[in-house]
Amino acid sequence: MTARPAEFERLLAIMARLRDPKDGCPWDLEQNFASIAKHTLEEAYEVEDAIRSGDMEALRDELGDLLLQVVFHARMAEEAGHFDFAGVASAIGDKLVRRHPGIFSDAEIKTAAEQVASWETIKAGERAARPGAEKRSALDDVPLGLPALARAAKLLRRAEREGLADLVPRANEAASALDENTLGERLLALAAEAQRAGLDPEEALRAANARLLARARERSS
């Protein structure tokens, strides 16, 4: 069954009721952006897990849980006078139109690769137009909240695209040819080596990501 506007309105009304200062749910009333953020991340991972399992019923439920997170954040923002759910929907609609000029304007974009390139060019222009952009590097808006390995991959892709690849430390080029299995085994071995040394690989990579970002900022200044 296709979702109708009334169903969205019902969900928003339920969230408003849960956050009612007088008669709302005590747990929901105690929450703030920071306390809910971890649940938002967890729900995103559970969506991915449902997709990997191929369970469509689970995916429907997990997407609902993820939508709840958006509604929760939007409700708290509305209470604080920042924005509301309609503002969230409007902003992403505007962004999709802006970043698809091949669909919503007369730009000629014929392949997925051309669309990705166009998206990144438009996104770079948006970054450059932000206040204080002259003090930021091209890597600055890669989310800090990503797991360190996922953030490293995104930082590295951005560094390559922005001509900053020389800032990235080089691995041993004499090592054997790399494929997904070999990479997994190497990462697992490094994690085991870190554990034996009493080190946290996640924190070590977070620190390395921070050093890469610092080098990029220094280059851009």
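This is a predicted model: local features need pLDDT of at least 70, side-chain atom pairs count only at pLDDT 80 or more; totals for chains, interfaces and linings use all residues.
**Salt bridges, cores and a ring pair**

Student: OK. How far apart are R127 and D141 in their salt bridge, N to O?

Tutor: The N to O distance between those two side chains is 3.9 Å. The pair also links distant parts of the chain: R127 sits in helix α7, while D141 is in the loop between α7 and α8, 14 residues apart.

Student: And are R127 and D141 buried or exposed?

Tutor: Both R127 and D141 are buried.

Student: What else is buried in α7?

Tutor: Besides R127, the buried residues there include Q115, S118, E120, K123 and E126. Their cover comes from, among others, α5 (85-98), α6 (101-104) and α8 (148-161).

Student: How far does α7 reach from its first C-alpha to its last?

Tutor: It spans 26 Å, close to the 26 Å expected at 1.5 Å a residue. The helix runs over residues 112-129, which makes 18 residues.

Student: Why does E126 count as buried?

Tutor: Its relative accessibility is 18%, and the cut-off for buried is under 20%. R98 comes out as partly exposed, with a relative accessible area of 41%.

Student: How many salt bridges does a search of the whole structure find?

Tutor: The search turns up 17. Another one of note joins the side chains of R219 and D166, at 2.6 Å from N to O. Here the partners are 53 residues apart: R219 is in helix α10, and D166 is in the loop between α8 and α9 (180-196).

Student: Where do R219 and D166 fall on the accessibility scale?

Tutor: R219 is partly exposed at 40%, whereas D166 counts as exposed at 54% relative accessibility.

Student: What does L164 touch, leaving out residues up to four places away in sequence?

Tutor: R219 turns up again, along with L139, A159 and A216.

Student: Switching to hydrophobics, then. Which residues make up the largest nonpolar core?

Tutor: There are nine: L139, V142, L155, A159, L164, L167, L212, L213 and A216. Both α8 and α10 (201-220) supply at least two residues each, and α10 gives the most, with three. Apart from that core lies another, of seven residues, including I36, V71, F72 and A74.

Student: How many aromatic pairs does the structure hold?

Tutor: One. It's W27 with F72, ring centres 6.5 Å apart and planes at 75°, so it counts as edge-to-face.

Student: Where in the fold do W27 and F72 lie?

Tutor: W27 is in helix α2 (residues 26-30) and F72 is in helix α4 (residues 56-79), so the pair ties together parts that are 45 residues apart in sequence. F72 is buried, with a relative accessible area of 3%, while W27 is partly exposed at 43%.

Student: I've got a charge question about E62. Which side chain of opposite charge is nearest, and how far away?

Tutor: R60, and that is 10 Å away. E62 is buried yet has no salt bridge. Its place is in helix α4.

Student: What does E62 touch, skipping residues up to four places away in sequence?

Tutor: E43, E46, V47 and A50. Two of those are glutamates, E43 and E46.

Student: And where does A50 lie?

Tutor: In helix α3 (residues 33-53). A50 counts as buried, at 4% relative accessibility. With residues up to four places away in sequence left out, its contacts are D55, A58, L59 and E62.

Student: Last one: how far apart are A50 and L187 in space?

Tutor: C-alpha to C-alpha, 25 Å. Along the sequence, A50 and L187 are 137 residues apart.

Note on methods
Residues are numbered from 1 along each chain as its sequence is written. Side-chain values use heavy atoms; hydrogens and water are left out. Helices (H or I, at least four residues) and strands (E, at least two) are DSSP runs, numbered from the N terminus. The expected span of a helix is 1.5 Å times one less than its number of residues. Buried means under 20% relative accessible area, exposed over 50%, partly exposed in between (1.4 Å probe, protein chains only). Contact means heavy atoms within 4.5 Å. A nonpolar core is a set of buried Ala, Val, Leu, Ile, Met, Phe, Trp, Tyr and Cys residues joined through side-chain atoms within 4.5 Å. Rings of Phe, Tyr and Trp (its six-membered ring) pair if their centres lie within 6.5 Å; planes under 30 degrees apart count as stacked, over 60 as edge-to-face and the rest as tilted. Lys and Arg count as positive and Asp and Glu as negative; His and the chain ends are not counted. A salt bridge is a side-chain nitrogen of Lys or Arg within 4 Å of a carboxyl oxygen of Asp or Glu.
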